[in-house]
Amino acid sequence: MKKFLLILAIVALLLGCDNKIPLKLATTTSTENSGLLEYLLPEFETDTKIKVDVIAVGTGKAIKLGENGDVDVILVHARGAENKFVTDGFGVNRRDVMHNDFVIIGVKNDVAKIMKAQNATEALQKIAFAKAEFISRGDDSGTHKKEKNLWKNTGILPTGKWYKEIGQGMGATINMANELAGYTITDRGTYIAMQDKITLKILFDGDVGLLNPYGIIAVNPQKHPNVNYKSAMKFINWLTSEKAQKMINQFQKNGKQLFYADAIK
Amino acid sequence: MINSFNKAFFLLFSQNKEVLFIVLTSLKLTISSVIIASIFSIPLGIILHLKNFRFKRGIVSFLHSLMALPTVVIGLLVYTMLSNNGILGNSRILFTPLAIIIGQSILAFPLIASMVYAGLSKLDSRFFETLKTLGANQRNIFKATIKEAKFIILSAILAGFGRVIGEVGVSMMLGGNIRFYTRTITTAIALETSKGAFELGLTLGLILMIIALSINFILHLWVKND
């Protein structure tokens, strides 16, 4: 019996651990939900024989995971927080990867008249003045950080019944905006993925202030010696290589390009 | 992690405005839901015990199985009704405290009714026979049952309270976790964990535990002293 249990334990151990240590990538829900990673990672895995485990969370949590050394590399979109992550010594070798953009969506009749706005700041000001319902992610994600920055530019501190911070993901936020006939700000990819199920339309886009750059950062091996730094660097090099950058530009959903490569100009 | 615990304890006693608001919202919503559910479910439990009619056993089993209804399913069903395309879409109730109360009342209803019914059937059957031989009419029997079974009813209500205050599916789907409006203890914990910020989550978890434990403790004391 003892022998049997011992064998069982060994088998379980062998099954449990792959002899290749996978690379742990913390990234935002937007890259995962858009299908970009599913499209890129198999190619990386055949090129390098490194398996990638994706942990898709909000940018805030992705950075926290990096700070704790729970992951090897992070791919996020929140430039301010990314820079802080590097200057605080948690991350090294930050590289620009790509960008997509944010859009402001709302009901077609556009009660706040943001379609006439010159820039994103003005669009938000119009929403605030009209006290039109606005749904905010409120979850410390990259999109939420972006939104807070935009509000900062308006000089308005959004509070009141019209401004709803819901602390949920992009999909849930768009759904609530759709139900309440309110405005919200979303990355274009998530909107395109959901546009068949909702009545909201893109009312404002195209402003430079709405660009959303993604950066990739390796977790500092001097801070956390147990991280898989070599694989992390291989992934960063691959993602910024000519081949991967070309693939990013070619990636489409519903016939529309979602991400624009930035590493090679 | 230990640091998080320290901060959590600090937050617990710091009378943080946001924490207080969240806890009060949870209590208000839970108490309202349990009261509404009780108004319907306690009489139902008593009637099921006192009366004999066709389908009675079917109804009892049905109520009993409804106790296992997952909160997300209740949330989903009520959501589809309150949504813009739903039959009550024009009511504009979705993502308000009222929506949570509706969902939570549905959640507590079968639990309270079943517990009242099950508790009453443990009462001495001679009690009801004596009442009948003394010439009590239906109303008197109903009243006497409530009096005799007050602890059974109370424990059913508190069980309902415990179930409702700890649920997250209904509150999240129907309330939408809106800050300073429909954010409850459980939805706030879910949010804080997803942000990777454990302090506030732990504080709220502690409060939730204290509420749940003290309710069970009080209940236990009462039943013992009876």
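A crossing of two helices is called right-handed if the near helix is turned clockwise from the far one by less than a right angle, and left-handed if anticlockwise. In this predicted model, the crossing of helix 2 and helix 5 of chain B is of the right-handed kind.

## Helix packing in chain B

Two packed helices are described by the angle between their axes and the distance between the axes. Helix 2 of chain B (residues 17–50) packs against helix 5 of chain B at about 35°, and the two axes are 6 Å apart. The residues in this contact comprise 19 nonpolar and 9 polar ones, with no charged residues.

Helix 5 of chain B (residues 97–120) also meets helix 8 of chain B (residues 150–165), where the axes come within 8 Å and cross at roughly 150°. Angles over 145 degrees count as roughly antiparallel, and helix 5 and helix 8 of chain B are therefore roughly antiparallel to each other. The crossing of this pair is right-handed. On the side of helix 5 of chain B, the residues in contact include B:Gln104, B:Leu107, B:Ala108, B:Leu111 and B:Met115. On the side of helix 8 of chain B, they include B:Ile152, B:Ser155, B:Ala156, B:Gly160 and B:Arg163. By class, the contact of helix 5 with helix 8 of chain B has 13 nonpolar, 4 polar and 1 charged residues.

A further pair is formed by helix 10 of chain B (residues 185–195) and helix 11 of chain B (residues 198–225), whose axes come within 8 Å and cross at roughly 155°. Helix 10 and helix 11 of chain B are therefore roughly antiparallel to each other as well. Their crossing is left-handed. In this contact, B:Ile185, B:Ala188, B:Ile189, B:Glu192 and B:Thr193 of helix 10 meet residues of helix 11 of chain B, among them B:Phe198, B:Leu200, B:Gly201 and B:Leu204. The contact has 8 nonpolar, 3 polar and 1 charged residues.

| Helix pair of chain B | Nonpolar | Polar | Charged |
|---|---|---|---|
| Helix 2 and helix 5 | 19 residues | 9 residues | no residues |
| Helix 5 and helix 8 | 13 residues | 4 residues | 1 residue |
| Helix 10 and helix 11 | 8 residues | 3 residues | 1 residue |

Helix 10 of chain B is largely enclosed by the rest of the structure, because 8 of its 11 residues are buried. Among the buried residues of helix 10 of chain B are B:Thr186, B:Thr187, B:Leu191 and B:Lys195. The cover over the buried residues includes helix 4 of chain A, together with helix 2, helix 9 (169–175) and helix 11 of chain B. Just after helix 10 of chain B, B:Gly196 adopts a positive phi of about 80°.

## Contact between the chains

Chain A contributes 15 residues to the contact and chain B contributes 13 residues. On the side of chain A, helix 4 (59–67), strand 6 (163–165) and helix 8 (170–180) each supply at least two residues. That side divides into 3 nonpolar, 5 polar and 7 charged residues.

## Chain A

Chain A has 11 helices and 12 strands. The C-alpha atoms of chain A fill a box of roughly 75 × 50 × 40 Å along the principal axes. Of the 265 residues in chain A, 45% are buried. Among contacts in chain A between residues at least 6 apart in sequence, 76% join residues at least 24 apart.

In a regular strand the side chains alternate between the two faces of the sheet. In strand 3 of chain A (residues 73–76), A:Val73 and A:Leu75 point one way and A:Ile74 and A:Val76 the other way, and all are buried. Strand 3 of chain A pairs with strand 1 of chain A (residues 23–28) in the parallel sense over 3 bridges, and A:Ile74 is the bridge partner of A:Ala26. Strand 3 of chain A is also joined by 4 bridges to strand 9 of chain A (residues 211–219), and these two run antiparallel. Here A:Leu75 has A:Ile216 as its bridge partner.

A:Ala132 lies in the loop between helix 6 (120–130) and strand 5 (134–136) of chain A. A:Ala132 counts as buried because it has 20 C-beta neighbours inside 10 Å. Beyond its neighbours within four places in sequence, A:Ala132 is in contact with residues including A:Val111, A:Ile127, A:Trp162 and A:Tyr183. The C-alpha atoms of A:Ala132 and A:Val208 are separated by 24 Å, with the two residues 76 apart along the chain.

Conventions:
Residues are numbered from 1 along each chain as its sequence is written. Chains are lettered from A and ligands numbered from 1 in the order in which they are written. This is a predicted model: local features need pLDDT of at least 70, side-chain atom pairs count only at pLDDT 80 or more; totals for chains, interfaces and linings use all residues. Axes are lines fitted to C-alpha atoms, for helices over the stretch in contact, and angles run from 0 to 180 degrees between N-to-C directions. Angles under 35 degrees count as roughly parallel, over 145 as roughly antiparallel, 65 to 115 as roughly perpendicular and the rest as oblique. Two residues are in contact if their C-beta atoms, placed from the backbone, lie within 7 Å. Ala, Val, Leu, Ile, Met, Phe, Trp, Tyr, Cys and Pro count as nonpolar, Asp, Glu, Lys and Arg as charged, and the others, Gly among them, as polar. A residue is buried if 20 or more other C-beta atoms lie within 10 Å of its own, exposed if 12 or fewer, and partly exposed in between; C-beta atoms are placed from the backbone. Two strands pair if DSSP finds at least two bridges between them.
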